[in-house]
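This briefing covers a residue in a strand, the nonpolar cores and a pair of packed helices. Please consult the sequence and structure shown here alongside the points that follow.

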Amino acid sequence: KGNGTIGDISSMGLAMQALGATTKFYAPRKWNRTQALDVVAKHDYELAMAIAQVLPALVNKSYLDVGSFDCDATTDECPSLGTHRVSRANTGNIRVHYSITNKIQGQHFHYFTWVTVPLGSTLLKVMEKAEEEDPKIF
């Protein structure tokens, strides 16, 4: 779009992955990765899918590279990405923004809530907590 945005902001991570992975083979025109990264860095992503798509692009990788990473989940280290151990303050709980949306069939809806769950909780735990707090919706 001339300002560094590729498509729309929600699909930009996937577009950046594709351009990064195919630059050697397919380049109809040169793209400015630095400008695109600047756009991404300034945006406050909220959609989990958009976040998942943009994260690999931030380190100039794609989903295709994931299988070759040498990472240790128990230490938060990933030498192949140049990361180091991250110290985590154990606060005991985290606050999660949880939402559900249906724009496909029947009555369309969008509901959201904030829930507090123990650090390290799974998505299932977040869903159960949302149901506990508002069983008519969640």
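In this predicted model, Thr113 lies in strand β2, which spans residues 109-118. Thr113 has a relative accessible area of 18% and is therefore buried, the cut-off being under 20%.

**Nonpolar cores**
- The largest nonpolar core has nine residues: Met12, Met16, Ala36, Val39, Val40, Tyr45, Ala50, Val54 and Ala57.
- Two or more residues of this core come from each of α1 (12-22), α2 and α3.
- A second, separate core numbers six residues, among them Tyr98, Val115, Val126 and Ala130.
- Met12, a member of the largest core, touches Ala36, Val39, Val40 and Tyr45, as well as Gly4, Thr5 and Ile6, when residues up to four places away in sequence are not counted.

**Packing of α2 and α3**
- Helix α2 (residues 33-42) and helix α3 (residues 48-58) have axes that come within 11 Å and cross at roughly 140°. The two helices are therefore oblique to each other.
- The crossing of α2 with α3 is left-handed.
- On the α2 side, Arg33, Leu37 and Val40 meet Val54, Ala57 and Leu58 of α3. By class, this contact comprises five nonpolar residues, one charged residue and no polar residues.
- Val40, Val54 and Ala57 take part in this contact and also belong to the largest nonpolar core.

Key: Residues are numbered from 1 along each chain as its sequence is written. This is a predicted model: local features need pLDDT of at least 70, side-chain atom pairs count only at pLDDT 80 or more; totals for chains, interfaces and linings use all residues. Side-chain values use heavy atoms; hydrogens and water are left out. Axes are lines fitted to C-alpha atoms, for helices over the stretch in contact, and angles run from 0 to 180 degrees between N-to-C directions. Helices (H or I, at least four residues) and strands (E, at least two) are DSSP runs, numbered from the N terminus. Angles under 35 degrees count as roughly parallel, over 145 as roughly antiparallel, 65 to 115 as roughly perpendicular and the rest as oblique. A crossing is left-handed if the near helix is turned anticlockwise from the far one by less than a right angle, and right-handed if clockwise. Contact means heavy atoms within 4.5 Å. Ala, Val, Leu, Ile, Met, Phe, Trp, Tyr, Cys and Pro count as nonpolar, Asp, Glu, Lys and Arg as charged, and the others, Gly among them, as polar. Buried means under 20% relative accessible area, exposed over 50%, partly exposed in between (1.4 Å probe, protein chains only). A nonpolar core is a set of buried Ala, Val, Leu, Ile, Met, Phe, Trp, Tyr and Cys residues joined through side-chain atoms within 4.5 Å.
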